[in-house]
Every structure is written in C-alpha cells, then in structure tokens.
Number of protein chains: 2
Amino acid sequence: MALSNEAKKRLSAGLDAGDFALDKDTRLCYAYDATRREAMPDIVVFASSIEQVAFVMKVANETGTPVYPRGGGSGLTGGSIPLKGGIVLTLERMNQILQIDENNFSVTAQAGIKLETLRDEVKKRGLFFPPDPSSGKIAALGGVLAECAGGLNVLKYGPISNYVLRLKAVLPSGEVITVGSHAPKSVTGYDLKHLLIGSEGTLAVIVEATLSLLVYPQYQQSFCAFFSSLQVALEGANRILRAGFRPRSLEFIDSHSFECIRSYKPLSLPEGTEAALLVEEDGHDEEEVSRQVHQIASVVHQESLEIHLARTPEEREQIWSLRKSISPALYSLAKYKINEDICVPRGRIVEAISGAYDIGEEVGLRTVIFGHTGDGNLHVNFMTDVDQDPKAEEAVQKLMKMVVSLGGTLSGEHGIGITKSPYLGYELSPAEIELQKNLKAVFDPNGVLNPGKIFKET
Amino acid sequence: MALSNEAKKRLSAGLDAGDFALDKDTRLCYAYDATRREAMPDIVVFASSIEQVAFVMKVANETGTPVYPRGGGSGLTGGSIPLKGGIVLTLERMNQILQIDENNFSVTAQAGIKLETLRDEVKKRGLFFPPDPSSGKIAALGGVLAECAGGLNVLKYGPISNYVLRLKAVLPSGEVITVGSHAPKSVTGYDLKHLLIGSEGTLAVIVEATLSLLVYPQYQQSFCAFFSSLQVALEGANRILRAGFRPRSLEFIDSHSFECIRSYKPLSLPEGTEAALLVEEDGHDEEEVSRQVHQIASVVHQESLEIHLARTPEEREQIWSLRKSISPALYSLAKYKINEDICVPRGRIVEAISGAYDIGEEVGLRTVIFGHTGDGNLHVNFMTDVDQDPKAEEAVQKLMKMVVSLGGTLSGEHGIGITKSPYLGYELSPAEIELQKNLKAVFDPNGVLNPGKIFKET
C-alpha cells in the first residue's frame, strides 16, 4: 500500500470525515478514466478549498505518498489513473464560478467546474468561451487545462491555452503560486502558465483559472459536403484554407466511419460517397455568416458529389449528430477501440491517412479515421475484440513511428499519460526528455505528483 | 575583463578571423540597445551556423564566460545589453528563410532574419505572418521571440507565441534541442516552446523557428474617431469590443500626444478633441471589410466629435502616420522618454490612465499616454531632460505599484530585462521568483546566459 500509516493518520486528522473516503466502493469509482484502465487508490480526498489541496500536497510530499489530481476522469490517455495507489485528489467540489468580469471579458472559476457548466454560465451574459472538447459535459476545467484538450473549434479559435490569463496552482510543497495575470497580455518573467497547461497534473495542481472570453457568436451555419474519394475531400479542405477561410470547424469523415454509422442508424448518402467534410462557421451577423458559409461551400462545390446545407437548427443538429455518432458507432465494429489523436503538418494528411490504413491492414485490424482536418489532427481508431491486443500495440507503435517521420506529433490534444509514454522517445531526443524530467524535479523533487505519467519509468 | 585568456584562446582557435571581433569600434556597436543603456562586451561573435552557436556556448559554459545573444538590438528593456561584458553572440548572419511550406501554412527561418523581411517574403506567396511590432524593420525574429514582443495586431491575431510551431535552440551546454512540432497542434510533453518564448535569452539561444502562417488579408480599412474626452473614447473602445468586434487594431491617443505631434507637424483636429481612437480592420473580401469598418464606426459615431474614414490607401497611411509620429514627436517635449508598456485588465484602463497622469503630476514630469487599448496595454511615457532622472525612477516605481494593484502586469510586450527587474517583486511572490530562478538553473546551471536580466541581482 502506497499510503503509509503516518500519511493516513495525518490526512484523517486534518480533514473532516466527509472530506475523504477509504471504503472500497468509493475508491473503485476513482480508479479508472475513459481509457478503461484501472488502478486502485488507497484514499480519495474530496478537496473543497485551496487550503485543503495545499494540506494534502504537504502531507503527501513529506511522506512520499503519490497524489493523483482528478477532474472529471474523462481523459483518454490515463492522466488521472492512480497508477501507484496513494491519494486520488478530486477537485469535483471546487466547482464554483468566482467572478465574471464583463468589462475585462474574463471569468475566474475553480478547477473542478464542468467545462460545459462554465460555457453555459458565461453564455448567459452573452459571453463565449470557445474551447469545446467533446467531453465537455464530463470534463472539469482543471483536467481540460492539465491535458490542453482540443475539440472542434481549434481551427478558428485556437487551443485552450490561448484563453488562459492566469492560473492558481498548488505545488507539491503546498505552496500556492499564481502564474499569468488578469491583464490581456503579460510578459513578466517566464511563461509558467503554458508550462502548467498540458503538464498533465505532474507539476502542480491547478486549483483556479482566469480565462479570457469573447462575445458569444449568436449565429452558426453548417454544411456537409460528400466526395467520391478521401483525396478529393482533403484537397477540398486545403482549398478552403488557401482561400483564406478559417471556419469554426473543418472536419472530415472517412468511408469506414459511414459504414459504422450505418450499422448504428439509417443513413442516406449520395451514391459513391467515400468521404465527407463537415464545415461550420459562426459570427455575430446572420447574413454575414450565411454569406461566408456559401462562399466556403462554393470552394468545394464542383468537386463534391453533393452539399447538404443546413437551413434550420434541426438540420444543423443532424449534420453534427453524424460526426458525434461515429465514436459510439465504432463499438458496433468491435469491442475495443484504440483511439489515437496524432497530428501532422497539414500538407502530410493524405500520407498519414493512407499510412494508417496500411498499418491497420498489415496487422489485421479494422481502421476508422476521422478528425479535425483543419488542424492536421486525425483520430485513428484501431478496432479489436481482444483486450490489450498485441496487434493493436503493434499498430500503435507503427503509427507513432510513421507520424514522427512525417514531422508530426504523438498527440494533438489528448496528452501522453500512460498510453503514449512508451513512444515519447520517438519524438523527443534523450537530452530533451532529460531536460523535461529535470524541470519536473524543480516542481516536484520527491516525485509525488501523478507519478508514472508522460515519462516511461525505467 | 569577463573574458578569460583561456576563453579567448579557445574562441580564437575555433572560429575564423572574420567570425569575431575584438576591436573597440566593433564592440561599441554591440554595447547598447534601444534603451540607450550601454555596456561593453569583450568580444563579438558573428555566428553563421547552429554549430558555431553551440561551440560558443560550450566554451562560455566551460569557462564561466557571460554570453549575450543578440538579434537586432531594438529591445526596450535592455535584454541584449552585455551587462557583465564577455561575449556578445550576434545572430545577424543567420538570416535565411529555410523553407516556406505552403501546404502546411508555415515558414522555417533562422533567428537572425529581420521580422519585416520574413513578413515580406511570405507575403510574396500570398501568406501572412501577423506579428508586427513597430521595430519590425530592425528587430530580428529571435529577439522578437525571446521578448515575446507585441505590436498593433495582437487584439485580432493574438501574440507571436500563438504562431510558433517549433523552435530550435542551443542550451548553455552546447546541446541543440527542438521544442514543439511542425504539426499545427502538439501536446507531447511539457510546453517548452512557450517557456523559451519571452525568456529574454536567459534559458537558451533560439536559432531557428517554424512559424504558422495565415492567408494574406488583401484588404485593410481604417478610421480615426475623435472624442471630447479620454473617458468617452475609452468607453467607445469598450462598446466596440462588447459588440463582438475584434478589429485588427484598436489604438487610442491622448491629448498630450496630439500636442506633441502638433509641435512636430501641422495637424488639424476637430475643435475640442481630447482623445482619439484609431481602428483598422482587414480581410479577404473588400466589401466585407468595408461593411465591418462602417459597422464598427457606427458603434462610436454618436459619441464622437468626428470620424475620419480612410477612403484611399493614402488616407489610411495618414491615419497611421499620426500614430507612428507620436514616438519621435515625444522628443520635442524633452530629451528623454521613459517608455513603459504596462498592461491592465480592460475594465481598469480608465483608472490606470488617470493614475499615471496623477503620478506624473506628483513627481513633476510631463506624461504622454497612448497604446493598444484593445489589449489593455498602455504606453506611458514620462518625459525628462535629465539622464537617469530620479524623478522618473520615482514615477516608474509608483506606476508599477499602481498597475499591480489594479490586477495588471509590469510588461505587456517589452519584457523585464534590466529596466524593470527592480519591480519584479511587486508582481511575483518570493516563492514564484525562486521557482523561476530554479527553472533557469536547470537550463543554465553556470549562469552564463544573459546574466543580470529579469532577476535583480542581490
């Protein structure tokens, strides 16, 4: 057991009975995340204040107890799994909005708030927080920041890191630090804000964030364009970008995805459809949004089989339900999906996709690909009925090698966590990994914070 | 002398005669930057390859010799001044574009290239690199990245850090590292890219950058709106933002600025003008840009004295020459300007400006304020005829205290360097400064890289 008697005694003494749990049932609820991997913590602490987080960190640091900070547990690479037992520190009770500053276009919130709640609350004031990962209903702000999660809006609005003004975080020592500023720009000292964002809870526990907001774009319009081949679809996506458009979303779907969806619900597609692009634009002026969407559609009109322009909110919903139904529909193909989020330079997308199909064929696994083509960010899904399938492992290994050879990256938006740590050395040199580990040691000299993540243990 | 005989011998032996200079005249050229501060280096090395940079760093690191990396020397906080002598390592010969990848919307260039050259070269391919600090003709890419310099475009396009895909940098050890990826998004490992950006040359020498590009927006349109008071002008700026606009530029000018300009060149302003807003929008569609500009103008029309809409490129030029003539015109007021770049939450701009005027009055210095109001980023200029005026020092100290009390930051876009290091403790806690210094020590354990910057020496 990773929780020593001393640590247990100090935690029990310093916390109210309702602030922690030692029973197996509760612990089991905090043993897993969306990767379906599982590891049992020895204790779950439900922090409700920065002081409590600081207290837990101090005890953990002084007793060498592993601490696993946790948001919504919706991570896709095992970032919150308590690999070595010890403490799961869940921030779900720290879920309040502290201030919406309409004049500064900013919101300050506790890290445990659900992302969707945050977006809904600021929307009520006519404000807009763009980042929108698909897990927004479950994911907590702190986790989304810790993983630097993406979503469908990144092409137009940029990653979540662009919207962080200021973070409050607790170091393993229990010290509370603030990084960034309430001001829209700041270059005072080193940019520790971006160092904490995407650090997967291995450097500090993010407890509070001030985020910059935009005015809510009231109008959205979407279309779906169908193509006779993936190549033609992707060329169309590139032409859209070359014409100067950066729509809110620019997604592609491959023919295998359509097969999945079809097995899940009826689907009528134009004859000969092998791929589709889904495009959405938004803005503050209805006519202008409509004009833009028509202009974008006209860029790909000639090469497409058909374009479905959404004329009502319901039709728009239909288009996006197509995209959203892929993930659940995948399970009609096989019991397990190994879902990767590789990202390549936009000019190498075609190679990356055909390479991924080849790998799937080579190892003998069905491969389904869709994703954020505007960002070069592809969701490659290897489907298998075997848990921990060595074939899948082989496929992922090959995929990662290929991605790096194309100048791409292991992860565009999910993080490294446990599932990708074996491949870190494909992308980073030994000196670069060493440097990163040394930076980790500055924050966490005793290695108590989320141990076993990002870096493969040797 | 900070350059030991051993270091001098090793550098002379390892470099060609044309690659370094020891004579006083040359050294003097590399002793200063735009702050007008001065410190003589012992040697100037003109690096022309990554290998040479690595060689110089290795010698410096092993002999404990200070190294001051230098781009164009246009910094405003003393970032490139060789405070302790030793080596100035200028990257001006590493000024090539290595690749423009039109399919990936990216450019890879050496760090010594002038920012304007880079922007011009990509423009020839119809591509756009938004960051545009006023010093772009002089500033080198590496310096702009090291300082995370801003400019007039940040409101719409974001800071330069949003456009960096990948950096190559040399550590003090001589090791070459790559951070980031050619892919549009990457969350593999810690975000060292943002740690190097804005680190003011104290962590590593940036030698190469891959930057993401947009399609060049062919159409720009501007207007200037005059107001009877600063308050009314700033309220107008806020209304523009609240209406959902994020124009390319949203600048304000105070009445003291107009006085300066008037003493410099004839100027006809509407009767009673006390402030102005300068607004520019750009885009790919001429009609759309025009429509936007008219919509933005209509937001402030009623409260303004007059609006000058630029109808020709010449008229547009006139509007922006107004803004650009402030800085040189300031010298008609006094011999020295102490130019600060404080940044405050947008809702606190009015307080910050009136506070800055009060401080100027209190210490007895003329105060001129203009800046990027959309970003909350104000250029406060205290004017004096006395070199190193203690009054100016007092004013700056008071200004910095006030800014921090408003939730703002010491620097929005110029960096800390030498000039602001005395005030770092106003914004960061002792623990936060300690953490930053410990991170510096990971990169630069012997403290040879740009010593004396950011952190005040104790």
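Where is Ile454(A) found? I looked, and Ile454(A) sits in the segment after α16 (430-443) of chain A.

**Ground rules**

I'm working on a predicted model, where local features need pLDDT of at least 70 and side-chain atom pairs count only at pLDDT 80 or more, while totals for chains, interfaces and linings use all residues. Residues are numbered from 1 along each chain as its sequence is written, chains are lettered from A and ligands numbered from 1 in the order in which they are written, and side-chain values use heavy atoms, with hydrogens and water left out.

**Entry 1**

I stayed with Ile454(A) for a moment. Its phi is positive, about 65°, although Ile454(A) is not a glycine. Is Ile454(A) buried or exposed? It is buried, with a relative accessible area of 0%. (Buried means under 20% relative accessible area, exposed over 50%, partly exposed in between, using a 1.4 Å probe and protein chains only.)

I noted another case in chain B. Glu200(B) isn't a glycine either, and it has a positive phi of about 55°. I found Glu200(B) in the loop between α7 and β10 (205-212) of chain B. Glu200(B) counts as buried at 2% relative accessibility.

**Entry 2: how the two chains relate**

Next I compared the copies. Two copies of a chain are related by a rotation about an axis and a shift along it. (The superposition is by least squares on the C-alpha atoms of residues with pLDDT of at least 70 in both copies.) The same surface serves both copies, since 99% of the contact residues of chain B recur in chain A.

**Entry 3: where the chains touch**

I counted contacts, meaning heavy atoms within 4.5 Å. On that rule 80 residues of chain B are in contact with 79 residues of chain A. The area buried between them is about 6,300 Å², and carbon and sulfur atoms give 60% of it. (Buried area is the accessible area, 1.4 Å probe, that two parts lose on being put together, summed over both.) Which residues of chain B lose the most area to chain A? They are Lys185(B), Val187(B) and Tyr190(B), together 15% of what that side buries.

I also looked up polar contacts and got 29 residue pairs across the interface, both residues at pLDDT 80 or more. (A polar contact is a pair of N or O atoms within 3.5 Å; within protein, one must be able to donate a hydrogen and the other to accept it, and residues adjacent in sequence count only if both atoms are side-chain atoms.) Among the elements that give two or more residues to the side of chain B that touches chain A are β9, α7 and α8 of chain B. α16(B) gives the most to that side, with nine residues.

**Entry 4: salt bridges**

A salt bridge here is a side-chain nitrogen of Lys or Arg within 4 Å of a carboxyl oxygen of Asp or Glu. I found 56 of them over all chains, and the count between chain B and chain A is eight.

- Arg242(B) pairs with Glu102(A), 3.6 Å from N to O.
- Lys185(B) pairs with Asp375(A), also at 3.6 Å from N to O. This pair crosses between chains, from the loop between β9 (176-180) and α7 (192-196) of chain B to the loop between β17 (366-372) and β18 (377-384) of chain A. Lys185(B) is buried at 9%, and Asp375(A) is buried at 5%.
- Glu281(A) pairs with Lys156(A), the closest N and O atoms being 2.8 Å apart. Glu281(A) lies in strand β14 (residues 275-283) and Lys156(A) in helix α6 (residues 154-157), so the pair ties together parts 125 residues apart in sequence. Glu281(A) is buried at 6%, whereas Lys156(A) is partly exposed at 31%.
- Arg248(B) pairs with Asp282(B), the closest N and O atoms being 2.6 Å apart. They are 34 residues apart in the chain. Arg248(B) is buried at 7%, and Asp282(B) is buried at 5%.

Technical notes
Helices (H or I, at least four residues) and strands (E, at least two) are DSSP runs, numbered from the N terminus.
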